[in-house]
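This report covers selected strands, helices, a pocket and a cavity of one protein model.

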Amino acid sequence: MRTILITGPGGSGRTTVAAATALRAARAGSRTLLLSAERADTPGAALGASTGARPAEIAPGLSVWRPDAAAGFRQDLADFQSRAASVLDLLGAARLDAEEVTPLPGAEELTFLRALRDAALSERYDLLVVDLPPLPQALALLALPEELRRYLRRLLPPERQAARALRPVLGRLAGVPMPADWLYETAGRWDTELAAVEAVLTDRDTAVRLVAEPGPAAARALRTARLGLALRGLRTEALVANRALPDTSPDTWLAGLVAEQRKAITEWEAEYDVHPVPHLGRDPHGPDDLAALAVPAVTETDRPVEWPVADRIAEDGVLVWHIPLPGAIREELDLIRRGDELVITAGPFRRIVVLPSALRRCTVSGAGLREGELRVRFAPDPGLWPAAAR
């Protein structure tokens with residue numbers, strides 16, 4: 001299944017563009033689901049039909065879903081209280097009723113990620129159009145699965161479960177029930193769920209579309225977003241220049257704004273596949289208005305983002321890891337090798353990545369930024385590198 005992630009600066013009209021994209025795909029014959037992170041029914045306002053907390057078909061081939069974070073959090077808390085019943089009873093803790101539960105910070109993001117996983121694993125759809133929150137919330141959301149999985153593995157390493165046979169003994173010695181079983185089971189379930197979301201985001205059939213209204217402010221936001229997406233290995237497929245004004249407007253008052261938009265679009269075309277979408281002179285409402293936007297169609301892709309390792313041992317005695325980071329600035333780059341991981345800081349973003357197996361037997365010998373690509377050089381460690389390969 002193809003997945004299109006749509007985001008952009010706040011106020012750019014990304015939800016309307018997402019709705020138009022989903023509607024066009026459905027009319028072209030794809031079974032399409034529009035998954036929206038909007039709390040208010042903004043997708044429904046654009047489509048001219050109400051949408052809610054369950055997937056519902058609102059047009060032939062088009063379903064819309066706005067997950068309910070509150071309901072999901074209540075269910076998760078109820079499951080937790082059930083699993084931890086023995087410990088809660090021992091502590092004399094009072095159970096929380098569903099009616100008094102309100103979502104904690106982060107619950108909305110986790111509920112949306114779970115919905116993304118469920119939608120991607122469903123066999124009911126050919127295309128998933130994801131209406132993400134505005135930048136930079138979308139970048140934080142896209143980073144969450146990988147980061148949470150890393151925290152879980154550090155705090156609750158799966159290999160620690162090898163001591164399971166000793167837990168009853170430890171429980172008797174301590175005089176309290178040991179919660180390790182359900183704790184590790186819960187961590188394992190979370191890891192599986194997060195891994196499924198991560199697999200969707202890194203799939204070769206997943207791409208990002210950015211939506212922005214042409215202008216200087218949007219240009220700055222897009223430069224930052226492009227770098228953050230690249231660091232996560234996400235491919236920017238297209239840039240929708242939304243609410244583009246006509247070049248031949250009879251209104252002289254708009255001439256300056258038109259010129260500013262034309263300048264921004266021309267600059268964007270050097271870096272993106274730009275698709276101007278016209279300003280209708282009103283907020284789009286209903287299928288006819290969305291069709292008039294003429295958003296780009298969803299096509300097949302065969303260009304996954306790759307971080308290749310080039311073998312330069314024969315020529316230069318090193319392996320070179322090529323990491324695409326368009327828009328990165330040399331002064332804002334930082335690298336730290338820590339065991340089998342590389343900590344990469346690029347501007348306001350940081351990612352900890354596991355080194356490819358060949359590079360784990362090497363030492364970092366240098367790095368450089370060239371033409372939007374970070375190239376990290378690794379020299380084989382004589383104590384770890386196979387003699388035949390030297």
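Helices (H or I, at least four residues) and strands (E, at least two) are DSSP runs, numbered from the N terminus. Asp 191 lies in helix 8. The model is predicted: local features need pLDDT of at least 70, side-chain atom pairs count only at pLDDT 80 or more, and totals for chains, interfaces and linings use all residues. Residues are numbered from 1 along each chain as its sequence is written, and side-chain values use heavy atoms, with hydrogens and water left out.

**Helix contacts**

Contact here means heavy atoms within 4.5 Å. Asp 191 is in contact with Arg 149, Leu 152 and Arg 153, leaving aside its neighbours within four places in sequence. Between Asp 191 and Arg 149 the C-alpha to C-alpha distance is 5.8 Å, while 42 residues separate them in sequence.

Two packed helices are described by the angle between their axes and the distance between the axes. Axes are lines fitted to C-alpha atoms, for helices over the stretch in contact, and angles run from 0 to 180 degrees between N-to-C directions. At what angle do the axes of helix 5 and helix 6 cross? They cross at roughly 85° and come within 10 Å. Helix 5 and helix 6 are therefore roughly perpendicular to each other; angles under 35 degrees count as roughly parallel, over 145 as roughly antiparallel, 65 to 115 as roughly perpendicular and the rest as oblique. Helix 5 contributes Glu 109, Leu 110, Phe 112 and Leu 113 to the contact, and helix 6 contributes Leu 141, Leu 144, Pro 145 and Leu 148. By class, the residues of this contact are 7 nonpolar, no polar and 1 charged. In this classification Ala, Val, Leu, Ile, Met, Phe, Trp, Tyr, Cys and Pro count as nonpolar, Asp, Glu, Lys and Arg as charged, and the others, Gly among them, as polar.

**Cavity and pocket**

On a 1 Å grid over the protein atoms alone, a cavity is a set of points where a 1.4 Å probe fits but cannot get out, and a pocket is an open set with protein on both sides within 12 Å along at least five of seven lines; lining residues have an atom within 4 Å of a point. Grid points are joined across faces, edges and corners, and a volume is the space filled by probe spheres set on the points.

A search of the whole structure finds 1 cavity of 30 Å³ or more. The largest cavity holds about 80 Å³ of space. Helix 6 gives the most to its lining, with 4 residues. The lining of the largest cavity includes Pro 145, Glu 198 and Arg 351, and it has 5 nonpolar, 1 polar and 4 charged residues.

The second largest pocket has a volume of about 510 Å³. Of its 22 lining residues, Ala 37, Glu 38, Arg 39, Ala 69 and Glu 108 are the closest to its centre. Helix 5 (107–121) and helix 6 (137–155) are the elements that give two or more residues to this lining.

**Sheets**

Two strands pair if DSSP finds at least two bridges between them.

| Strand pair | Bridges |
|---|---|
| Strand 9 and strand 10 | 4 bridges |
| Strand 10 and strand 15 | 6 bridges |
| Strand 14 and strand 15 | 8 bridges |
| Strand 11 and strand 12 | 6 bridges |

**Backbone exceptions**

Most residues other than glycine have a negative phi, and most peptide bonds are trans. Arg 243 has a positive phi of about 60° and is placed in strand 7. In the hairpin of strand 14 and strand 15, Glu 371 takes a positive phi near 55°. A cis peptide bond, with omega about 0°, joins Leu 135 and Pro 136; Pro 136 is in the loop between strand 5 and helix 6.
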